[in-house]
Amino acid sequence: MSEKMINVTEPVATEPVVTETEKKPSRKPKTNKRKASVFVITAFLIIGCITILFPLYITIVIALKSPSEMTNDISGALSLPQHFSLDNFAEAMRVTDFWRSLGNSVLITGASIVLSVIIHSMAGYALGRNMNRKKKFKMIYFYIVSGMFVPFAILMMPLVKQTSILGLDNMFGVILLYTVFYMPMNVMLYSGYMKNVPLAMEEAADIDGASAWRTYWTIIFPMMKPMHATVAILTALGTWNDVMTPLVIMSGSENTTLPLAQLNFQTQFGTNYNLAFASYLLALLPILILYIFCQKQIIGGVATGAVKG
Amino acid sequence: MRKSRVVISLLTAAAISVSTLLSGCSADSGKDGVTTVTMLQYKPEAVKAFEKIEKLFNETHDDIQLKIESPNEAMTVLKTRLIREDYPDIVGIGGDMNYSNFLDADLFEDISDIEVIGEIKPAYLKMEKELELLPKEGTYALPYVSNAAGILYIKEMFDENGWEIPETWSDFIALCDEIKKTGTDLLYLGYKDTWTCLAPWNALAVGLAPSDVCSSVNAGKTTFAAEYSEVAEKIKVLLDYAEPNPYAYSYNDACTAFARGQSAMFPIGSYAVPQILSVNPDMNIDSFTFPANDKEEDNVLNSGIDLHFSVMKGTKNKEAVYEVLRFLFKDETVQIYLDEQGGVPCKEGDFELPDFLSGMEQYIKNDRMSDFHDHHYPSEMSVDAMIQTYLMDKSNNSAQIFLERFDKEWTRYNRDLIARVKKYEEGQK
Amino acid sequence: MKNKKVLSKRMTYVVMIAPALILFILFNTIPLITGAFYSFTNYKGYGSFEFVGLRNYIDLFSDARVGNSYLFTFKYAIIGTLLVNVLSLLLALGLNSKIKFKSALRAVYFLPNVLGGLVVGYIFSFIFTYIIPAIASALHINFLENSILAGEDTAWIGVLIVGVWQAVAMNTIIYISGLQTIPADIYEAGMIDGVTPWQKFRHLTLPMLMPFVTTNLILSTKNMLMVFDQIMALTKGGPAQSTESISYLIYKNGMDGGQFGFQSANAVVFFIVIVAISIFQMVITNKKEEQL
């Protein structure tokens, strides 16, 4: 580490040393320059936000308009609606059976999180504690983690057949599949996290005569709390927005998820873009609201996940 | 001791959650004495008609509960269900290659003993027979409605300007040039959805190529390059009269544009009319047969089976299924469908043809009709996308490239079938 | 006594791994094997099938459509990965500097990551088809007056824009967390020496950030290679089959087109390609890290 740093700083230090010492007395221009650059960066970043917020603005504006207010020029699409009306939303909710698909989405995401946290943390713990000592555990660890490279496309068609044979061509099947799809990443996160949990705790509990099972649930599981949050957030973001799995596993059943409903009702929307956009907005709304209230936690969770992974 | 208790409680908790989830998904299988018949039909735009039919059936039948599903992307849904072996009792699909493949895979029940067959026009039953990849004994589908494709036009616009319905290709081009001079857009194509490219393609192909071209090619008697060159040439001419950049707009967009009077004509099938009318209910639409030839008598109307019903093999309630089929073929039920969706009924009888088909009536009455060519194209070959590619290709020899590709891909995608046909024919000898 | 306890401890570990392992075998390994099995058949997904040996694999290499889907997917993934990483690194540097409204800006830039790809695709589809051409014709920008989704040569750019728009968020967050691991005193050392910002970045920041670059490259390449939702919403593979990604083709023709067997072979090859690329990337970036 230290060697690296020396290497890095050396070539830089050679040239501008002299000029810098000359400038040193007058510090003021520099802070001004600093201020200016902060201003420029801030300005750029704020302008950049337009690229993010513009599509959302369009969605909201179109969702609130009636079809007659839509014209083919820019003002027709971009202007604010003349009358404030929620008719499109009411209609979209009726057409897509909003509450039901919302319920399904919540159930699928919630259950996937719970199953993932329980099953993956156990496996991550057991593997993380043993893989450096026992070859078999190490093999299992790599076996599961290598699942990260398996594209869904190859599993898709066999899974359609298999889930139906097992009677799992429904929400429960989708939940189980998510538990499997996120397993490689989550197991890696959990077992990586075990490096930060000192063995001393378990050893103390061991001496007290507690079983390994009990030690896990009373001591280790609560200690993994930050990782649970990360796993829950990553699993939730992935499952909430996923279309392909419910599309192929549950197609034909009356149950849809919120994103899948948008796909299924494309024909019903026809060319009524206002209705369609109202429905899109409704589909985005739950996660938007959650995001507004918990953005710190969500960003933090994703960051830890990415750094550890 | 304590440990096992934890394990047991966890297991029970898991078991309970599993069972609640599972039961939540299959709650509707109670009620004694009532047979449930499920039907999946592939036309999502006909959902209203089928809701009505479903309601009427259930009101008049205490012992049978009919459930009709009309999902979006129904073919994918149906195929996914076939992969899953989760069959509905009845499927309502079109008379196309998918049907041929399903039939070939032995998925359908022989229903030649149902009496309504006697009421169906023989021409359509013959059309069904032609869809069999290898000749097969029995009846496997009941044709319900057929559609007709050609050109839809706005009647007022034609009347006001004194434009005449063209009967030959040169008349048609002359008319297009005339309309173009007035500054009106005349064709709206909506080629973003690839399948829309097939509408003018089929309408031209029935007039310009023999109806058995696919089986002739399979038998090695001809090539598509020879049979389709004129079709390819003429479909490209249409682009000169279309909206700028038709690949930007979808079928939905095209329907809306036509409904708003943004174009005088729309080369599409009668199946588009309900959607167009939903945008502009007061519109006066009429139609005419695509004038593909330079002699009127060579023109043929493009008409095929839009919807027919088949019974899935292994259905447990054949009697109830037959009752549903009989109900569907009652005159009143057919009329409900026609009122909502339009189309040409396959059943004999005095049904009112919708106004928008009056321009095609003569062809229908005189049986000058031929099935959609794409009903014989394998779907994985994506001929629609190939046509779109060809239309977008601006090079001079684009037609040659396209037709060569057509022949090459055809033999590739159909080689198993070609081999089987050969074997079958040798067996016949 | 003690022996028994050790044994039960090991048993506990086994019990803890068992549910994960069973599920993984059942829903990952078994379908992987069945998929490989079907790749040697002409199965349509229903009905009967025959073994065709290696025919599907031989066909794969002569199938222009499959070839094009690989070309498209790779073009998309390579350009996408580069764009995403450059943009997100710039954003991360900006968002990590001492600016105003820092947390609000971060929240906005991360937003695309929480939104679903399909719905975002539908919204952009409308923007590309109607809004951009309308703006372009008002401002007389000729080349934008046609929807970019309608051009054979431009549609992939539309898909790319949406893909990048969504993917930048995640990578930015990763780069920001990377930047925060760099201790401030290194910069202070550099500051006294009066280094230009570029030098500072090149010789101080980037080397420290290298592990995060690795993570990001692997992550975005993998995601970009599997592009599906955007295609489904924006182009459905068109126009002129110019935007058919591998995943889309497998879905479209495998499920819908009756090519279950053939597309299984395609999926097997795709799997091997992804594994190869990931290993290759890891080896290369590990080397780079050592060099720096």
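At roughly what angle do the axes of helix H11 and helix H18 of chain B cross, and within what distance do they come? I would like to start there, with the reminder that what we are looking at is a predicted model.

In chain B, helix H11 covers residues 229–237 and helix H18 covers residues 398–413, and their axes come within 10 Å and cross at roughly 130°. Angles over 145 degrees would count as roughly antiparallel and those from 65 to 115 as roughly perpendicular, and H11(B) and H18(B) are therefore oblique to each other. As for handedness, the crossing in which H11(B) passes H18(B) is right-handed. On the H11(B) side the contact is made by B:Ser229, B:Ala232 and B:Glu233, while H18(B) brings B:Ala399, B:Phe402 and B:Leu403. Sorted by class, the residues of this contact comprise 4 nonpolar, 1 polar and 1 charged.

Let me turn now to chain C, and to where it touches chain B. Here 21 residues of chain C are in contact with 22 residues of chain B. On the chain C side, the element that gives the most is helix H10, residues 246–256, with 3 residues. That side of chain C, taken by class, has 12 polar residues, 6 nonpolar and 3 charged.

Finally, a word on how chain C itself is divided: domain 1 runs over residues 1–30, and domain 2 over residues 39–291. Taken over C-alpha atoms, the centres of these two domains of chain C are separated by 38 Å.

Note on methods. Residues are numbered from 1 along each chain as its sequence is written. Chains are lettered from A and ligands numbered from 1 in the order in which they are written. This is a predicted model: local features need pLDDT of at least 70, side-chain atom pairs count only at pLDDT 80 or more; totals for chains, interfaces and linings use all residues. Domain bounds come from an automatic or database domain assignment. Two residues are in contact if their C-beta atoms, placed from the backbone, lie within 7 Å. Helices (H or I, at least four residues) and strands (E, at least two) are DSSP runs, numbered from the N terminus. Ala, Val, Leu, Ile, Met, Phe, Trp, Tyr, Cys and Pro count as nonpolar, Asp, Glu, Lys and Arg as charged, and the others, Gly among them, as polar. Axes are lines fitted to C-alpha atoms, for helices over the stretch in contact, and angles run from 0 to 180 degrees between N-to-C directions. Angles under 35 degrees count as roughly parallel, over 145 as roughly antiparallel, 65 to 115 as roughly perpendicular and the rest as oblique. A crossing is left-handed if the near helix is turned anticlockwise from the far one by less than a right angle, and right-handed if clockwise.
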